[in-house]
Amino acid sequence: MEPLISVLIATYNRCSNLINIIDLLENQTLPKNQFEIIVTDSFSSDGTKEAVNLKKLEYNNIVYKEDCENILANKRNQGIKLAKSRVVLFLDDDVYPYDKHFLKNHYKANLNNNDTFYCGQVRFDAQLVEKSNYFRFRDDQHLKNDSIGIDLPFNKIVVMNLSFKKEFISSVGYVDERFVNYGAEDTEFGYRIVKNGFKIRYLDDAIAIHRENSKDIVEYSRKIAKTAMYGKKTLREINENVLNELTQSKFDKKNIFNNFLFNDFLGNMVKIFLIGTDKIRILYNYYLYKYYLFYVNYKYI
């Protein structure tokens with residue numbers, strides 16, 4: 001019997017996370033013989049291979065492929081190629097299924113699906129959101145219930161919790177492996193999904209918890225800076241039309257007002273305020289966080 005859904009987890013040196021996620025998946029309401037877990041790795045040095053091999057002795061629905069390039073796009077694509085089921089699900093190695101119906105809900109959404117990629121709901125830990133304005137901001141960035149039932153723009157895609165029919169790849173193409181550094185490969189993939197006549201929809205009942213290790217807006221902004229430095233450069237080389245349709249690309253450095261708005265003095269003042277008020281819930285301001293990320297992006301346009 002072929003599995004109904006294949007869970008594809010690209011990983012590197014996150015052994016503890018990975019094993020916890022596998023255990024949560026193996027305790028789903030969907031029977032174990034109806035899904036498979038495909039782990040694509042690139043020679044992790046933290047015992048990942050040994051730990052997954054032990055899990056393979058415990059469960060018989062795990063596939064482990066180690067010899068992948070340490071490029072996220074390559075590992076995602078290797079997972080697609082190995083998948084035996086018609087429905088595939090991307091799951092990151094820091095994204096945890098929230099409840100036991102996670103896989104069943106993804107599978108049900110794809111049963112009569114002929115044209116849709118489903119973005120499951122992603123949240124941050126409720127205790128972190130309650131205690132930290134930074135995590136409240138990160139949680140607010142994710143799709144909410146006002147996205148239910150509408151077609152999402154390509155740049156709203158949530159690849160860390162994304163399901164679709166494997167056959168769609170023949171029309172859309174694989175994740176572009178020219179993105180060798182952090183960021184932007186998901187945006188470009190979303191662009192091709194929409195441009196090839198498919199929809200991106202929010203799946204609110206497939207909930208996952210994102211346990212990312214960035215502890216504050218400064219650490220997170222370093223990831224944004226990497227996307228701006230490397231991802232956008234590659235995006236421009238592959239298809240500049242994608243950049244032209246992104247909000248950030250409208251912040252032209254030739255505009256004197258933008259140069260005034262996104263300067264180092266203001267950027268540093270906002271950073272100091274956000275760090276200093278992180279635990280003061282009444283001072284939370286979503287738009288100041290957005291400003292700071294735009295400021296970091298603007299430096300690399």
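Figure 1. His210 belongs to strand S8, which spans residues 199–210; strands here are DSSP runs of E with at least two residues, helices are DSSP runs of H or I with at least four, and both are numbered from the N terminus. The structure is a predicted model, in which local features need pLDDT of at least 70 and side-chain atom pairs count only at pLDDT 80 or more, while totals for chains, interfaces and linings use all residues. Residues are numbered from 1 along each chain as its sequence is written, and side-chain values use heavy atoms, with hydrogens and water left out. His210 counts as buried because its relative accessible area is 6%; buried means under 20% relative accessible area, exposed over 50%, and partly exposed in between, with a 1.4 Å probe and protein chains only. The side chains of His210 and Asp94 form a polar contact at 3.2 Å. A polar contact is a pair of N or O atoms within 3.5 Å; within protein, one must be able to donate a hydrogen and the other to accept it, and residues adjacent in sequence count only if both atoms are side-chain atoms. Apart from neighbours within four places in sequence, the residues in contact with His210 include Val95, Phe124, Arg138 and Met160; contact means heavy atoms within 4.5 Å.

**Figure 2. Helix H9 and its kink.** Helix H9 covers residues 217–238, 22 residues in number, and reaches 30 Å from its first C-alpha to its last, close to the 32 Å expected at 1.5 Å a residue. The expected span is 1.5 Å times one less than the number of residues. A kink of about 35° in H9 is centred on Gly231, where the bend is the angle between axes fitted to the seven residues ending at a residue and the seven starting there. At the start of H9, a side-chain oxygen of Asp216 comes to within 3.0 Å of the backbone nitrogen of Val218.

Figure 3. Among the buried residues of H9 are Ile217, Tyr220, Ile224, Ala228, Gly231 and Leu235. An α-helix has 3.6 residues a turn, so residues three or four places apart point the same way. The cover over the buried residues of H9 includes helices H6 (133–141), H8 (185–195) and H13 (286–298). Tyr220 lies in H9 and counts as buried because its relative accessible area is 11%. Not counting residues up to four places away in sequence, Tyr220 touches Tyr134, Arg138, Gln141, Glu212, Ser214 and Leu293.

**Figure 4. Asn77 in helix H3.** Asn77 is part of helix H3, residues 72–82. Asn77 counts as buried because its relative accessibility is 1%. Beyond residues up to four places away in sequence, Asn77 touches Tyr174, Val175 and Glu177.

**Figure 5. Two loop residues with positive phi.** Asn13 is not a glycine, yet has a positive phi of about 55°. Asn13 sits in the loop between strand S1 (5–10) and helix H1 (15–25), and counts as partly exposed because its relative accessibility is 28%. Phe43, also a residue other than glycine, has a positive phi near 60°. Phe43 is placed in the loop between S2 and helix H2 (48–58).
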